[in-house]
Each structure stands twice: as structure tokens, then as C-alpha cells.
Amino acid sequence: MNLAALPPLGVGISAEFDSARAGIDAVALHDQGLVDFLEYGCDLARGLDEHVLRWAGRKLPTTYHFLDVNLEEKDDVDHVWLAEVAALARQIGAAWLCGDGGLWHFGPRDRGHQTLLPPILCAEGADEMAEAIQRVENVTGMACLPENPPATVYLGELHILDYFARVADRADCGLLLDCAHLAIFQRMRGHAPLAGLDGFPLDRVVEIHIAGGTERDTDGFAWIDDDHNPEPLPDTWAIARHVIPRAPNLRAVVYECERNPPETVVANFRAIRELYA
Amino acid sequence: MSHHALQDALVIALHDEGFVAAMHRDPEGTLAPLRLSPAERAQLLAADPRAFRTDPLRRRRILRVLAEELRASTTLALAETRSLAFAEGFFASPAFRAAVIERRPLVLAFGDYLGAAGLAAPLAGEIVRLETLLARCRRDRLRPPRPGITLAPGVAAASFDAATLPAVQALERYVFELGLMPQVALCDDRPPPPVAAPSGRTAHLLVTPTATGVSLTTIDDDLHRVLARLAAPIDRAGAAAALAPAGVPAAAAGDLVQSLLEEGLLADGPPEDAVLIATRTA
């Protein structure tokens, strides 16, 4: 995949089915000059909503974030899913496909599961994910960017950055680096926020995510809830500040904040725009 | 060993605290069915047990979806057991573990769990069986036809006590009315769920696929007997022999099969060894 040929999209906001009803209307933020594109989180069971159709109707840029395929299981990437995803993505003019590389469901794809789990961080798993991504790209003709998922338990011997570096190398694909999810991984494994980034192929990073998280405690076990509240943790900012100037093919930065009151995210949109100017 | 086995173990551990406790107490016995390598087993055991229970609503989110589909069955089960622990106990059941390992739809496993719960309510077994059948047909309708002539994907014919379907509809209406104001469930004078008695009569029901799901109709004895004979694949030459026990004259068997094919109740799938000229799309 020729990453340099992908269009620059700027700063975007995430959305999911019906998220604008109680959260943020991206069109309004676009009109304020804060948002350039919309990343729509989609599963085939629910499809497109009025919000993304209204956005796409104005010919504004989008990306398609899947919520219903297990990239870790190449058999899950079936023809029906591929055909329907490609049709929806093209309907909204998506520049590429992206989504968490792991498990969105267990067993056959079914409505309402969306139980996002991380992949097993091993070489064999990375190679299978690479096969799945190649299949997505070959059949849809669109770039597919795997994203590092959040979790409280990561199994496997690899660092998550090494895992996705291997995926990108085998699949020759771009990457979506979620800075908040990486901060979670580093904390769970006891690493510093930037650990492992020196060997990571930042030239493959096409998109990054920035999102708020909340530090929580379960019976003395400290963990980070990826709850997309307005305020990213300092570790997340540190990762974003490190990556953005070092990623030559970076095309898009998404601030995942769609379910918050609009006034609580304006300052951070301005900060992100300054960071990714 | 495939990393998928470790992934299965992770799924089970995230949904069943009892499994996590058991695997630390008795790693050999608890993890043996998952066939993990020693390294994978060590990785799983090295994870902090508390990390598996950071999301207390994980089970409930899945149950919500399962209960939507097996609505009457779940209502009946919870009305009888009055126990959330019973519902969440599904994740500690052999049905759940088998579904994870065998990649089986969870809703069918949940149906098995409810069906094996020994519910005392009249018609409980029939209601669970009917809703599970519908769930299976909703998923089957998307698969390619099996080789030979047999019921089309998503089609099923089955017999139930005649009071079963009205009982399901009454329970669905009850849940709808409860959903108008969920706090009603907290009231001592809340309306009780409807309880139907078996009728002693049999109703034959036909499940057929639609664009978005399945539909259910009552059929007569004759059609039920014919469709029951065609639940296992036949070939055209064997139609007369297959349908003779259903009372179909040999001379009429071919035309009957053809008409059922045209109605979409049967499908004529390619043989297993057929050469495909295009990849199947389902």
C-alpha cells in the first residue's frame, strides 16, 4: 500500500451510531473550524446513521472504523462482510478503513457483541492478522489500518508495538496508533509511556487517536478506563507529542470524544490542531 | 498450539470469575480442556486475577442481547429463579465454555443453558425450544445450502404444544409493558408474568427466512410430515422413497419436491465435491 498516496484529512472526531443524538454533532464543530473529518464507527447490524449521512452529504471527508470484525481471525474476514463494508465505506466517501485489531466478538459475528478484546501478542497471531488485512485491502481496494486496542489484560510475549510493527511489515499496510490505548498498555505492563517507540515504524503511522481515560481501581488493582472522557491522560499527550512530528506519513488525528458536551472538548481540539499544524 | 486457544481462555476468564479462581487453584484440571502450551498457561496464570474483573457489566451487556432474542424464555427463567446470579451463571456453564471453544453462536448456548435449567413453569421447555429454534434459523438463513435436496437455509418445521406460541407472544407483551417503566420491576404489586398451561394439542410450525430475520406460520399435518422427511438431504431419484412414509404417492413425489423448491422451502445444494466457479458469498 502506497501510504504517501493517502489523502491528508487533518483533525477529526469519532462518531458511532446515534452518538450525535446525545453527544456531539460533528457538522457544528466543522462549521466552527475545529473538525476536518469524521471517523464513523460502524457495524453492519446498525449501519450508517443520520449524522454520518448528513456529514457525507456535504462531501466532507470521512474514514470508516469497523466495530465488528476480528482481524486476529482471518476466517472472520468473509466475503459478505467485506462486500457490505466496502459498500458502506464508499457510500460515505471513506478515505480508508480502520479499526481495533483484535476481537470484536467471539464465535460467529453476531449482533450486539462488541466485546473488544486485544489480540494474543505473539508472532503467529501477528502473521494471521497480516493475512486478514491483506485480504481486506485486496477485496475492498481500500487501505486498512489496524489499531492497537485497549485492555486490562494483555497476553503474549510481544510488546504491542512490536506486534503491530510485525503486522504492518507482513501486510505492507499502514497503522493507526491509538495513543490512549498505548498509554494503557504501557501502564499495564509497567513500561514508561514512550517505551518501544524507538523501534516502531513511525513511517507507517497514517492515523493517530487521542482520547481521555480515567484511572480506576479494582480491589487495589490500578487500571485505566478508556472511557473517552474529554481529558486525555498526561501519558497520552506525551505519546502524541512524540509521535506526531516523527510520523512522515501521518494523515489524520482523531480526538475521540463524541459522547461529551461540545463545550468540554473545544480547548482540546484547539490544542490538537496546534500540535498537528 | 494455536494462539486461538489462549484467546479462548482469555474470553472465558474475562466472563467467569470462578474460572479464574479455579485455574489458580487447579491449573491442570481447569485448563486441560483448552489445550494450552506450558508457555501459554504460564502467561495466563501470570496475569493479575483482579485484571479479569475490572468490568462488572461485561456479562450483563451480553445477556441483554441474548435476552432480547430469547425474550420469553429469559423472562420465564428469571420470574421463576428471581436470581440475577442464575442469568450470569450462564458464563460459568459448560454451554458457554463449549460455545467459546467451538465458535458456536452464544444465543444457542444460552438456549441450551435455559433448557437444561429444569424450569418448573408449564411450557418452559417448549418456549425455550421454540425461541432457540428461531434463533438458529435466523443464523442458518445466511449459510449456503447443504448438498442435496433438503430444507432451505433458515427453514425449519417443528411441532410444539399448541399453547406455546401464544405463551411466547404473551410473555413478549409482558416484557414490553414492563419496559414502559422498568422501575415497575421493583414494586411489590407489579403485574405477574403470564403463565400458560399446556393445551394438550399439537401445533406444527414452519419457520421461513425473510430479508431481516424469520417468520413463523402454522402448517397442517400433511406438510409437516413431508418437510420432516426432507430435513435430511435426498436426491431427486430418491424423492419417492423418501416421501412414501409421509403418505405421498410415488407418482406425485417429484412434482411435490419441485413445487417446494420453487416456494423456497427446499434448496438443492451442490454436491460436496462440486467445482465452484466463483467463491461462495455466505
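## The model

What you have here is a predicted model, where local features need pLDDT of at least 70, side-chain atom pairs count only at pLDDT 80 or more, and totals for chains, interfaces and linings use all residues. Residues are numbered from 1 along each chain as its sequence is written, while chains are lettered from A and ligands numbered from 1 in the order in which they are written.

## Helix H2 of chain B

Start with H2(B), residues 17–25, whose buried residues are Phe19(B), Val20(B) and Met23(B). Those buried residues sit within an arc of 100° when you look down the axis of H2(B), so they line one face of the helix. Gly18(B) and Arg25(B), on the other side, are exposed.

A few terms: buried means 20 or more other C-beta atoms within 10 Å of the residue's own, exposed means 12 or fewer, and C-beta atoms are placed from the backbone. Helices are DSSP runs (H or I, at least four residues), numbered from the N terminus. The arc is that of the directions from the helix axis to the C-beta atoms.

The cover over the buried residues of H2(B) includes H1 (3–15), H3 (27–31) and H4 (38–46) of chain B.

## Helix H4 of chain B

In H4(B), the buried set is Glu40(B), Arg41(B), Gln43(B) and Leu44(B). Down the axis of H4(B), they fall within an arc of 160°, so they line one face of the helix. The face turned away from that side carries Pro38(B), Ala42(B) and Ala46(B), which are exposed. As for packing, the buried residues of H4(B) go against H1, H2 and H3 of chain B.

## Where the chains meet

Between the chains, 26 residues of chain B are in contact (C-beta atoms, placed from the backbone, within 7 Å) with 24 residues of chain A. H1, H4, H5 (58–69) and H8 (94–102) of chain B each give two or more residues to chain B's side. H1(B) gives the most, with five residues.

Leaving out residues up to four places away in sequence, Cys179(A) touches residues including Ile208(A), His209(A) and Thr236(A).

Terms used
Two residues are in contact if their C-beta atoms, placed from the backbone, lie within 7 Å.
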